Amino acid sequence: MTTRRPPRAPRLARVTPGRRSPRLGIFGGTFDPPHFGHLALAEWARVELALDAVLFVPAGEPPHKRAGTSTAAAHRLAMTRLAIRGNERFRVSTLEVRRRGQSYTVDTLQALARAHPGARLHLLMGADTYATFGSWREPGAIARAAALVVALRPGSAGRRAASGRRVTWLSNPGLDVSSRALRARAARGRSLRYLVPDAVARYIARHGLYRRARARRPRP
Ligand code: ATP
């Protein structure tokens, strides 16, 4: 029997004279759980903006959510890894999960800029998230560090929410799926099939996530 190696994550091309700078999408989220709305947004941005790679960054302790209300970061990280499987341009960063305390986008972008010198960073988000952008820590510094890329999302104001900042709006189809609705479905024992990748649905079932207030931590 031959064992096939999983596809290697693409390396960002080195910055060399005459060669265009690598273009990196940064996609932060709670991913509790990751779903096809997230994946479609990331793929749409990758294609429309000719990104070399999209880095999914699961939040450690998201500042906008109440402490202790999210599923353990280890589960969210594991599900995000399963969700991106099969797309060789998608990768997962553990940067925020490993960081102690709250995660701020400005810190993450500065760390990624240091890790990928010369890369052009694009910060991906849905329209609902962009609507809160003005209240984030150091929005000006964020907008200087990365191009802002906003995806349409059903139920959220579209381009009209633009605030005079330079933003690239994606012409993605709005998929009306949210993690919150999926958690509610899972809590009632309903199927998540065709809303999340099968591997994610299996992980949720195996670990009994969203069935009770607090799920077990994954075994190492
Ligand atoms: P919750 O329902 O728990 O608030 P969520 O579905 O919004 O979660 P997050 O992990 O909080 O998922 O979102 C990460 C990013 O993905 C955010 O910028 C959000 O706007 C965006 N996003 C999530 N779902 C969609 C969707 N269906 N279409 C477009 N953007 C989305």
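The legends below describe close-up views of a predicted model of a protein chain with a ligand. In this predicted model, local features need pLDDT of at least 70 and side-chain atom pairs count only at pLDDT 80 or more, while totals for chains, interfaces and linings use all residues. Residues are numbered from 1 along each chain as its sequence is written.

**View 1. Overall fold of the protein chain.**
The protein chain has eight helices and six strands. Helices (H or I, at least four residues) and strands (E, at least two) are DSSP runs, numbered from the N terminus. In order from the N terminus, the elements are β-α-β-α-β-α-α-β-α-α-β-β-α-α. The chain has 220 residues, and 34% of them are buried. A residue counts as buried if 20 or more other C-beta atoms lie within 10 Å of its own, as exposed if 12 or fewer do, and as partly exposed in between, with C-beta atoms placed from the backbone. Two residues are in contact if their C-beta atoms, placed from the backbone, lie within 7 Å. Among contacts in the chain with a separation of 6 or more, 72% are between residues 24 or more positions apart.

**View 2. Leu-124 in the largest nonpolar core.**
The largest nonpolar core has 45 residues, of which Ile-26, Val-54 and Leu-124 touch the most other members. Helix H2 (residues 73-84) gives the largest share of this core, six residues. A nonpolar core is a set of buried Ala, Val, Leu, Ile, Met, Phe, Trp, Tyr and Cys residues joined through C-beta atoms within 7 Å. With neighbours within four places in sequence left aside, the contacts of Leu-124 are Gly-25, Ile-26, Phe-27, Leu-41, Ala-42, Ala-45 and Val-149.

Two strands pair if DSSP finds at least two bridges between them. Strand S4 (residues 120-126) pairs with strand S5 (residues 147-151) in the parallel sense, over five bridges. Across this pairing, Leu-124 stands opposite Val-149 in S5. S5 also runs parallel to strand S6 (residues 167-169), to which three bridges join it. The bridge partner of Val-149 in S6 is Thr-168.

**View 3. Shell around the ligand.**
The ligand is surrounded by 18 residues, the closest being Gly-29, Gly-37, Gly-126, Ser-179 and Arg-180. A residue is near a molecule or strand if its C-beta atom, placed from the backbone, lies within 6 Å of it. Helix H1 (36-48), S4, helix H5 (127-130) and helix H7 (179-187) each supply at least two residues of this shell. The largest share, three residues, comes from H1. By class, the shell has six nonpolar, eight polar and four charged residues. Here Ala, Val, Leu, Ile, Met, Phe, Trp, Tyr, Cys and Pro count as nonpolar, Asp, Glu, Lys and Arg as charged, and the others, Gly among them, as polar.

**View 4. Surroundings of Ala-59.**
Ala-59 is found in the loop between strand S2 (53-58) and H2. Ala-59 is buried because 24 other C-beta atoms lie within 10 Å. Beyond its neighbours within four places in sequence, Ala-59 is in contact with Gly-28, Gly-29, Thr-30, Glu-96 and Ser-103.

**View 5. Leu-77 in helix H2.**
Leu-77 is in helix H2 and is buried, with 21 other C-beta atoms within 10 Å. Leaving aside neighbours within four places in sequence, Leu-77 has contacts with Pro-58, Val-92, Thr-94 and Val-97. Leu-77 and Phe-31 are 46 residues apart along the chain, and their C-alpha atoms are separated by 8.1 Å.

**View 6. The two sides of helix H7.**
Ser-179, Leu-182 and Ala-186 are buried in H7. They cover an arc of only 60° around the axis, so they are on the same side of H7. The arc is that of the directions from the helix axis to the C-beta atoms. The face turned away from this buried side carries the exposed residues Arg-180, Ala-184 and Ala-187. H8 is included in what covers the buried residues of H7. Gly-189, which follows H7, has a positive phi, near 75°.

**View 7. The two sides of helix H8.**
In helix H8 (residues 198-207), the buried residues are Val-200, Ala-201, Tyr-203 and Ile-204. Their arc around the axis is only 160°, which puts them on the same side of H8. Exposed residues Asp-198 and Arg-206 are on the face turned away from the buried side. The cover over the buried residues of H8 includes H2 and H7. Just after H8, Gly-208 takes a positive phi of about 60°.
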